[in-house]
Amino acid sequence: MKIVIIHGQSHEGSTCHIARMLAEKINGEITEFFLPRDFGEFCIGCTLCFEKSEKLCPHFDKLLPITKAMDDADVIILASPVYVYHVTGSMKAFLDHYGWRWMVHRPEEKMFSKQAVCISTAAGAGLGSTNKDMAHSMFFWGIAKIHKYGVAVMETCWEKVSAKKKQAIENKIHKLAHKIVRKQGHARPSLKTKIFFNIMRVMQKYGWNEADVVYWKEKGWAGKKRPWK
């Protein structure tokens with residue numbers, strides 16, 4: 001099983017340790033990226049990715065290694081500490097670059113059979129809204145099964161987290177890893193995803209964005225074909 005972790009920060013804090021713990025318990029081939037170290041560009045709003053091609057994005061080549069790793073992975077882990085009740089600026093900037101992959105535009109077929117995990121940590125609150133930031137993109141990418149795990153570690157660094165808290169985290173992560181392994185190869189899009197996909201399919205008939213219309217026709221999705229079995 002291939003696992004890719006995209007860390008929303010470049011330091012190895014609590015969120016990083018927990019994401020790695022999960023990946024190691026899943027026991028697959030792990031690839032990691034750290035933001036903004038491995039990608040730190042902001043979307044400039046040129047809309048070329050929507051209107052013509054994602055390859056015209058001025059940051060396409062810099063982003064390509066992460067894009068390829070996500071496409072090749074069985075499990076995608078997005079991990080971000082809570083920054084003012086939301087993901088880090090680096091994670092937000094990263095997700096902004098994949099607007100063209102939302103179902104309303106040109107979703108990647110491989111996403112409809114993958115599992116993904118949103119992981120967030122905080123000294124206190126903000127876990128739900130932070131995981132929701134990441135889960136929004138995962139849903140609109142078409143990912144079949146999205147898991148969420150957020151934990152208040154009550155500290156600002158992993159070394160200070162209590163042994164009792166670390167053990168509780170490990171117990172939760174062990175159960176989540178088992179669930180992911182058991183689901184591997186059997187992940188299917190939810191009814192909500194299928195309904196949204198079909199709404200987008202109908203929208204393509206109106207041809208408001210030529211690049212999207214051509215893509216959907218080439219995939220056969222404008223007819224009876226679907227990106228899931």
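Helices in this account are DSSP runs of type H or I with at least four residues, numbered from the N terminus. The model is a predicted one. Is Thr193 buried or exposed? Its relative accessible area is 1%, and buried means under 20%, so Thr193 counts as buried. Leaving out the neighbours within four places in sequence, the residues in contact with Thr193 are Met103, Phe112, Phe139 and Gly142.

Five strands form an open sheet in the order 2-1-3-4-5, and their pairing is parallel. Strand 2 and strand 5 (145-152) are the edge strands, each pairing on one side only. On average, neighbouring strands of this sheet are turned by 15° against each other, with direction ignored.

Two helices that pack on this sheet can now be placed. Helix 3, residues 60-72, packs on the sheet and touches strand 1, strand 2 and strand 3 (75-81). The direction of helix 3 makes about 140° with that of strand 1.

Strand 1 deserves a separate look. This strand runs over residues 2-7 and is mostly covered, with five of its six residues buried. Strand 1 pairs with strand 2 in the parallel sense, over six bridges. Which residues stand opposite each other? Ile3 faces Ile30 in strand 2, and Ile5 has Glu32 of strand 2 as its bridge partner.

The next topic is how helices pack on each other. Two packed helices are described by the angle between their axes and the distance between the axes. For helix 1 (residues 14-26) and helix 6 (residues 163-183), the angle is about 45° and the axes are 9 Å apart. That angle makes helix 1 oblique to helix 6. The crossing of these two helices is right-handed. Helix 1 contributes Ile18, Met21, Leu22, Lys25 and Ile26 to the contact. Helix 6 contributes Ile169, Glu170, Ile173, His174, Leu176, Ala177, Ile180 and Val181. By class, the residues of this contact divide into ten nonpolar, one polar and two charged.

The axes of helix 7 and helix 8 (residues 210-219) come within 10 Å and cross at roughly 115°. Helix 7 is therefore roughly perpendicular to helix 8. Their crossing is left-handed. On the side of helix 7, the contact is made by Phe197, Met200, Arg201 and Gln204, and on the side of helix 8 by Asp212, Val213 and Trp216. Four of the residues in this contact are nonpolar, one is polar and two are charged.

The loops remain. The loop between strand 2 (29-34) and helix 2 (48-51) contains Cys43. Is Cys43 buried, exposed or partly exposed? Its relative accessibility is 44%, so Cys43 counts as partly exposed. Not counting residues up to four places away in sequence, Cys43 touches Asp96 and His97. Cys43 and Ser137 are 94 residues apart along the chain, and their C-alpha atoms are separated by 15 Å.

Some backbone angles in the loops also call for a remark. Most residues other than glycine have a negative phi, and most peptide bonds are trans. Leu35 and Pro36, however, are joined by a cis peptide bond with an omega of about 5°. Pro36 sits in the loop between strand 2 and helix 2. Asn27 is not a glycine, yet its phi is positive, at about 65°. This residue is in the loop between helix 1 and strand 2, and Asn27 is exposed, with a relative accessible area of 65%. Val84 is not a glycine either, and has a positive phi of about 40°. The loop between strand 3 and helix 4 (89-96) holds Val84. With a relative accessible area of 79%, Val84 is exposed.

Definitions and conventions:
Residues are numbered from 1 along each chain as its sequence is written. This is a predicted model: local features need pLDDT of at least 70, side-chain atom pairs count only at pLDDT 80 or more; totals for chains, interfaces and linings use all residues. Side-chain values use heavy atoms; hydrogens and water are left out. Buried means under 20% relative accessible area, exposed over 50%, partly exposed in between (1.4 Å probe, protein chains only). Contact means heavy atoms within 4.5 Å. Axes are lines fitted to C-alpha atoms, for helices over the stretch in contact, and angles run from 0 to 180 degrees between N-to-C directions. Angles under 35 degrees count as roughly parallel, over 145 as roughly antiparallel, 65 to 115 as roughly perpendicular and the rest as oblique. A crossing is left-handed if the near helix is turned anticlockwise from the far one by less than a right angle, and right-handed if clockwise. Ala, Val, Leu, Ile, Met, Phe, Trp, Tyr, Cys and Pro count as nonpolar, Asp, Glu, Lys and Arg as charged, and the others, Gly among them, as polar. Two strands pair if DSSP finds at least two bridges between them.
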